[in-house]
Amino acid sequence: PVGSIVSVTIVNLVDFGAFARLPSGIRGLIHVSDMSWGRVKHPLDIVSVGQELEVAVLAIKNEKRRISLGLKQRLPNPWERIEQKYSGGQNVKGKVSNLVPYGAFVELEPGVEGLIHITELSWASKSVVPGEVLAKDQELEVLVIGISREEQKVSLSLRKLEHSPWTKAAEQYPPGTRVKGKVRNLTTYGAFIELGDGIDGMIHLS
C-alpha cells in the first residue's frame with residue numbers, strides 16, 4: 001500500500017530514474033527526482049544495478065500498471081528545519097553547483113541549494129554573465145537575503161558582502177564635477193554612462 005516501506009532490487013537504470021523489482025516480482029520506478037533531496041545528474045550517481053535497498057511506496061496506478069517508489073523519502077528532509085538553520089543577514093559558505101543565464105546556484109549542504117540572482121552577483125553591472133564571475137564547483141562565502149521553506153528557496157547575494165560604491169558616490173561626484181565615462185546603454189529617454197566602480201550616470205534626453 002501507499003506509504004509502506006519495501007525492500008527492492010535495482011534491475012535497470014535509465015536517464016529519468018531506476019526500475020526496481022519488488023518482493024512480489026512487480027517492477028516499480030524510482031524517478032530521479034525522488035532519489036535525493038539534492039541535485040542528481042544521473043541515477044548512476046545514487047544507485048547501481050543489483051543493489052538492494054529500502055524505499056517508500058509513493059503511488060500505485062492500477063490502470064497504468066505503474067508503481068512509483070521513493071528513496072529520498074526515507075531520509076530526513078533538509079528543508080523542514082531550513083528556517084532554524086539559516087536566517088536573513090547570515091554569512092554562509094557553499095559551493096557553486098550550477099551556472100544559469102539568470103544567476104548561480106550554490107549548494108549550502110546536501111539537498112539545499114540557494115540562488116544568487118544575476119542582479120546580486122556584482123555592483124559593477126546588472127547584466128554580468130554568471131560564468132565570468134564564478135566557476136562551477138567554486139567554494140565561496142555568500143549572504144542569505146531570503147528564505148522560503150514552502151517554496152524550498154534560499155536567496156543569496158554575493159555583492160552585498162562587498163562595500164557598495166554608492167555609499168561614497170556623493171563624495172566622489174559632487175554636482176559640477178567633470179567626469180569621463182563610456183556610453184553603456186542608449187534608451188529613448190537618454191544615455192547611461194559608465195563611470196567605473198559600479199556607478200552609472202544618466203544623461204537625460206533634455
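Guide: Start with the whole chain, which is a predicted model. Of its 206 residues, 35% count as buried. The accessible surface comes to about 12800 Å², and carbon and sulfur atoms supply 51% of that area.

The fold is made of 3 helices and 13 strands. The radius of gyration is 25 Å, whereas the globule rule gives 17 Å for 206 residues, so the protein is more spread out than a compact globule. Along the principal axes, the C-alpha atoms fill a box of roughly 85 × 35 × 30 Å.

Taking contacts between residues at least 6 apart in sequence, 51% join residues at least 24 apart. As for charge, there are 25 positive and 23 negative side chains. The centres of these two sets lie 4 Å apart.

Is Ser97 buried or exposed? Its relative accessible area is 16%, and the cut-off for buried is under 20%, so Ser97 counts as buried.

Which residues is Ser97 in contact with, leaving aside its neighbours within four places in sequence? Phe105, Val106, Glu107 and Glu113 are among them. Arg39 and Lys136 are also in contact with Ser97.

Key. Residues numbered from 1 in each chain as written. Predicted model: local features only at pLDDT ≥ 70, side-chain atom pairs only at ≥ 80, totals over all residues. Heavy atoms only, no water. Helix = DSSP H or I, 4+ residues; strand = E, 2+ residues; numbered from the N terminus. Rg over C-alpha atoms; globule rule 2.2 N^0.38 Å. Buried < 20%, exposed > 50% of the residue type's maximum accessible area, 1.4 Å probe, protein only. Contact = heavy atoms within 4.5 Å. Areas by Shrake-Rupley, 256 points an atom, 1.4 Å probe, with all protein chains shown as cover. Lys, Arg positive; Asp, Glu negative; His and termini not counted. Charge placed at Lys NZ, Arg CZ, Asp CG, Glu CD.
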